[in-house]
Amino acid sequence: MTRASILTASGCSVRKTLDALGPVSSLLVLRDAAEGIRRFEDFVANSGLNEATVAARLKRLVSLGILTKSPYADEGKRTRDEYVLTASGNELVPVVVALMQWGDQHRPDNGPMRAVDRHTDEAVTLRYVSDSGRVVSEQDVVMVKAHPTE
(Lines give C-alpha, C1' and ligand atoms only; values in the text may rest on other atoms or scores of the structure.)
Protein backbone atom coordinates (compact mmCIF):
# COMPACT_ATOMS: atom_id res chain seq x y z
CA MET A 1 0.00 0.00 0.00
CA THR A 2 1.44 3.37 -0.95
CA ARG A 3 1.75 6.25 1.51
CA ALA A 4 -1.00 8.11 -0.38
CA SER A 5 -3.37 5.16 -0.15
CA ILE A 6 -2.68 4.78 3.59
CA LEU A 7 -3.77 8.38 4.14
CA THR A 8 -6.94 8.09 2.04
CA ALA A 9 -8.04 4.65 3.18
CA SER A 10 -11.35 4.46 5.02
CA GLY A 11 -9.51 3.25 8.13
CA CYS A 12 -7.46 6.46 8.31
CA SER A 13 -7.62 8.03 11.77
CA VAL A 14 -7.86 11.55 10.33
CA ARG A 15 -10.81 10.59 8.13
CA LYS A 16 -12.57 8.77 11.00
CA THR A 17 -12.10 11.77 13.31
CA LEU A 18 -13.37 14.25 10.75
CA ASP A 19 -16.33 12.00 9.92
CA ALA A 20 -17.19 11.75 13.64
CA LEU A 21 -16.92 15.47 14.28
CA GLY A 22 -19.03 16.29 11.25
CA PRO A 23 -19.13 19.77 9.75
CA VAL A 24 -16.34 22.29 10.30
CA SER A 25 -18.73 24.28 12.47
CA SER A 26 -18.21 21.61 15.16
CA LEU A 27 -14.66 22.92 15.52
CA LEU A 28 -16.02 26.43 16.13
CA VAL A 29 -18.18 25.11 18.96
CA LEU A 30 -15.19 23.17 20.31
CA ARG A 31 -13.08 26.36 20.07
CA ASP A 32 -15.66 28.23 22.12
CA ALA A 33 -15.85 25.44 24.72
CA ALA A 34 -12.04 25.56 25.02
CA GLU A 35 -12.36 29.31 25.61
CA GLY A 36 -14.64 28.54 28.55
CA ILE A 37 -18.04 29.12 27.00
CA ARG A 38 -20.64 26.80 28.50
CA ARG A 39 -24.12 28.13 27.79
CA PHE A 40 -26.13 27.67 24.61
CA GLU A 41 -26.85 31.38 24.06
CA ASP A 42 -23.15 32.19 24.50
CA PHE A 43 -22.18 29.58 21.89
CA VAL A 44 -24.65 31.20 19.49
CA ALA A 45 -23.39 34.72 20.20
CA ASN A 46 -19.69 33.84 20.02
CA SER A 47 -19.64 31.36 17.13
CA GLY A 48 -21.62 33.35 14.58
CA LEU A 49 -23.68 30.21 13.91
CA ASN A 50 -27.47 30.13 14.07
CA GLU A 51 -29.32 28.46 16.94
CA ALA A 52 -30.27 25.35 14.97
CA THR A 53 -26.67 24.75 13.91
CA VAL A 54 -25.31 25.27 17.42
CA ALA A 55 -27.95 22.92 18.85
CA ALA A 56 -27.03 20.23 16.31
CA ARG A 57 -23.29 20.61 16.94
CA LEU A 58 -23.70 20.52 20.72
CA LYS A 59 -25.86 17.40 20.44
CA ARG A 60 -23.23 15.71 18.24
CA LEU A 61 -20.33 16.67 20.51
CA VAL A 62 -22.23 15.37 23.55
CA SER A 63 -23.01 12.09 21.74
CA LEU A 64 -19.30 11.69 20.95
CA GLY A 65 -18.35 12.24 24.60
CA ILE A 66 -16.45 15.44 23.75
CA LEU A 67 -18.82 17.61 25.78
CA THR A 68 -21.04 16.70 28.68
CA LYS A 69 -24.20 18.40 29.87
CA SER A 70 -24.33 19.84 33.35
CA PRO A 71 -27.56 21.32 34.74
CA TYR A 72 -27.64 24.86 36.11
CA ALA A 73 -30.39 27.27 37.12
CA ASP A 74 -30.17 31.04 37.33
CA GLU A 75 -32.13 32.43 40.26
CA GLY A 76 -35.83 32.42 39.50
CA LYS A 77 -35.44 30.56 36.20
CA ARG A 78 -35.90 26.98 35.07
CA THR A 79 -33.04 24.49 35.05
CA ARG A 80 -31.04 24.38 31.83
CA ASP A 81 -27.95 22.56 30.63
CA GLU A 82 -24.50 23.98 30.16
CA TYR A 83 -21.83 22.19 28.15
CA VAL A 84 -18.46 21.26 29.60
CA LEU A 85 -15.45 19.70 27.90
CA THR A 86 -14.77 16.10 28.92
CA ALA A 87 -11.29 14.63 29.18
CA SER A 88 -11.73 13.47 25.57
CA GLY A 89 -12.77 16.99 24.56
CA ASN A 90 -9.75 18.51 26.28
CA GLU A 91 -7.55 16.17 24.25
CA LEU A 92 -9.00 17.75 21.07
CA VAL A 93 -8.17 21.32 22.13
CA PRO A 94 -4.60 21.10 20.75
CA VAL A 95 -6.13 20.45 17.32
CA VAL A 96 -8.01 23.75 17.56
CA VAL A 97 -4.87 25.51 18.84
CA ALA A 98 -2.85 24.06 15.95
CA LEU A 99 -5.42 25.35 13.44
CA MET A 100 -5.36 28.75 15.12
CA GLN A 101 -1.57 28.94 15.13
CA TRP A 102 -1.39 27.87 11.49
CA GLY A 103 -3.90 30.57 10.59
CA ASP A 104 -1.98 33.17 12.60
CA GLN A 105 1.20 32.28 10.71
CA HIS A 106 -0.20 31.86 7.19
CA ARG A 107 -3.11 34.29 7.00
CA PRO A 108 -2.54 38.04 6.77
CA ASP A 109 -4.82 39.03 9.62
CA ASN A 110 -4.11 37.32 12.92
CA GLY A 111 -7.15 36.38 14.95
CA PRO A 112 -8.15 37.76 18.32
CA MET A 113 -7.12 34.66 20.27
CA ARG A 114 -3.75 33.28 21.36
CA ALA A 115 -2.74 30.25 23.36
CA VAL A 116 -1.14 31.03 26.72
CA ASP A 117 -0.14 29.30 29.94
CA ARG A 118 -3.02 30.05 32.35
CA HIS A 119 -0.58 30.56 35.25
CA THR A 120 1.98 32.85 33.59
CA ASP A 121 0.13 34.29 30.56
CA GLU A 122 3.20 33.25 28.54
CA ALA A 123 2.45 32.34 24.91
CA VAL A 124 2.64 28.62 24.14
CA THR A 125 3.30 26.89 20.83
CA LEU A 126 2.47 23.33 19.91
CA ARG A 127 5.45 21.13 19.10
CA TYR A 128 6.15 17.55 18.15
CA VAL A 129 7.87 15.72 20.98
CA SER A 130 9.24 12.19 20.63
CA ASP A 131 8.51 9.51 23.21
CA SER A 132 11.99 10.16 24.62
CA GLY A 133 11.15 13.86 25.14
CA ARG A 134 13.12 15.29 22.21
CA VAL A 135 11.52 18.16 20.25
CA VAL A 136 11.20 17.11 16.59
CA SER A 137 10.92 19.63 13.73
CA GLU A 138 7.86 19.58 11.50
CA GLN A 139 10.09 18.68 8.53
CA ASP A 140 11.26 15.52 10.29
CA VAL A 141 7.81 14.12 11.02
CA VAL A 142 6.39 11.66 8.48
CA MET A 143 3.22 9.61 8.43
CA VAL A 144 3.82 5.84 8.29
CA LYS A 145 1.59 2.82 8.47
CA ALA A 146 0.94 1.81 12.07
CA HIS A 147 2.10 -1.59 13.22
CA PRO A 148 -0.82 -3.84 14.15
CA THR A 149 -1.09 -4.47 17.89
CA GLU A 150 -0.87 -8.03 19.07
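Reader: Is Asp-121 buried, partly exposed or exposed?
Author: This is a predicted model, and the values are computed from it. Asp-121 has a relative accessible area of 47%. Buried needs under 20%, and exposed needs over 50%. Asp-121 is therefore partly exposed.

Reader: Where in the chain does Asp-121 lie?
Author: Asp-121 has a phi near 65°, a positive value in a residue other than glycine. Most residues other than glycine have a negative phi. The place of Asp-121 is in the loop between H6 and strand S3 (128–129).

Reader: In what pattern do helices and strands follow each other along the chain?
Author: The chain holds 6 helices and 4 strands. Read along the sequence, they give the pattern α-α-α-α-α-β-β-α-β-β.

Reader: What share of the chain counts as buried?
Author: Contacts in the chain between residues at least 6 apart in sequence were examined, and 38% of them join residues at least 24 apart. The chain has 150 residues. The share of them that counts as buried is 24%.

Reader: Why is H3 described as largely enclosed by the rest of the structure?
Author: The buried residues of H3 are Ser-25, Ser-26, Leu-27, Val-29, Leu-30, Asp-32 and Ala-33. They pack against H2, H4, helix H5 (51–63), strand S1 (67–72), S2 and H6. H3 is largely enclosed because the buried part is 7 of its 10 residues.

Reader: What distance separates the C-alpha atoms of Asp-32 and Phe-43?
Author: Asp-32 and Phe-43 are 11 residues apart along the chain. They also touch. Their C-alpha atoms are separated by 6.7 Å.

Reader: Is the pair of Phe-43 and Tyr-83 stacked or edge-to-face?
Author: The count comes to 1 aromatic pair. The ring centres of Phe-43 and Tyr-83 are 6.3 Å apart, and their planes stand at 75°. Planes over 60 degrees apart count as edge-to-face. The pair is therefore edge-to-face.

Reader: How many residues apart in sequence are the parts tied together by Phe-43 and Tyr-83?
Author: Phe-43 is buried, and so is Tyr-83. Phe-43 lies in helix H4 (residues 40–47), while Tyr-83 lies in strand S2 (residues 80–85). The pair therefore ties together parts whose separation in sequence is 40 residues.

Reader: Which residue has Arg-39 over the face of its ring?
Author: Arg-39 lies 3.8 Å from the centre of that ring. The ring belongs to Tyr-72.

Reader: Which element gives the most residues to the lining of the largest pocket?
Author: The largest pocket holds about 930 Å³ of space. Of its 32 lining residues, the closest to the centre are Arg-31, Val-96, Val-97, Met-100 and Met-113. Helix H3 (25–34) and helix H6 (87–106) are the elements that give two or more residues to the lining. The one that gives the most, with 10 residues, is H6.

Reader: How many charged residues are in the lining of the largest pocket?
Author: The lining divides by class into 17 nonpolar and 7 polar residues, along with the charged ones. The charged residues number 8.

Reader: Which element gives the most to the lining of the second largest pocket?
Author: The second largest pocket has a volume of about 780 Å³. It is lined by 20 residues, and the closest to its centre are Pro-94, Val-95, Ala-98, Leu-99 and Tyr-128. Helix H2 (13–21) and H6 each supply at least two residues of the lining. With 9 residues, the one that gives the most is H6.

Reader: Is Gln-101 buried or exposed?
Author: Gln-101 lies in helix H6. Beyond residues up to four places away in sequence, Gln-101 touches Ala-115, Val-124, Thr-125 and Leu-126. Its relative accessible area is 18%, so Gln-101 is buried.

How values were computed: Residues are numbered from 1 along each chain as its sequence is written. This is a predicted model: local features need pLDDT of at least 70, side-chain atom pairs count only at pLDDT 80 or more; totals for chains, interfaces and linings use all residues. Side-chain values use heavy atoms; hydrogens and water are left out. On a 1 Å grid over the protein atoms alone, a cavity is a set of points where a 1.4 Å probe fits but cannot get out, and a pocket is an open set with protein on both sides within 12 Å along at least five of seven lines; lining residues have an atom within 4 Å of a point. Grid points are joined across faces, edges and corners, and a volume is the space filled by probe spheres set on the points. Ala, Val, Leu, Ile, Met, Phe, Trp, Tyr, Cys and Pro count as nonpolar, Asp, Glu, Lys and Arg as charged, and the others, Gly among them, as polar. Rings of Phe, Tyr and Trp (its six-membered ring) pair if their centres lie within 6.5 Å; planes under 30 degrees apart count as stacked, over 60 as edge-to-face and the rest as tilted. Buried means under 20% relative accessible area, exposed over 50%, partly exposed in between (1.4 Å probe, protein chains only). A charge sits over a ring if NZ of Lys or CZ of Arg is within 6 Å of the ring centre and within 35 degrees of the ring normal. Contact means heavy atoms within 4.5 Å.
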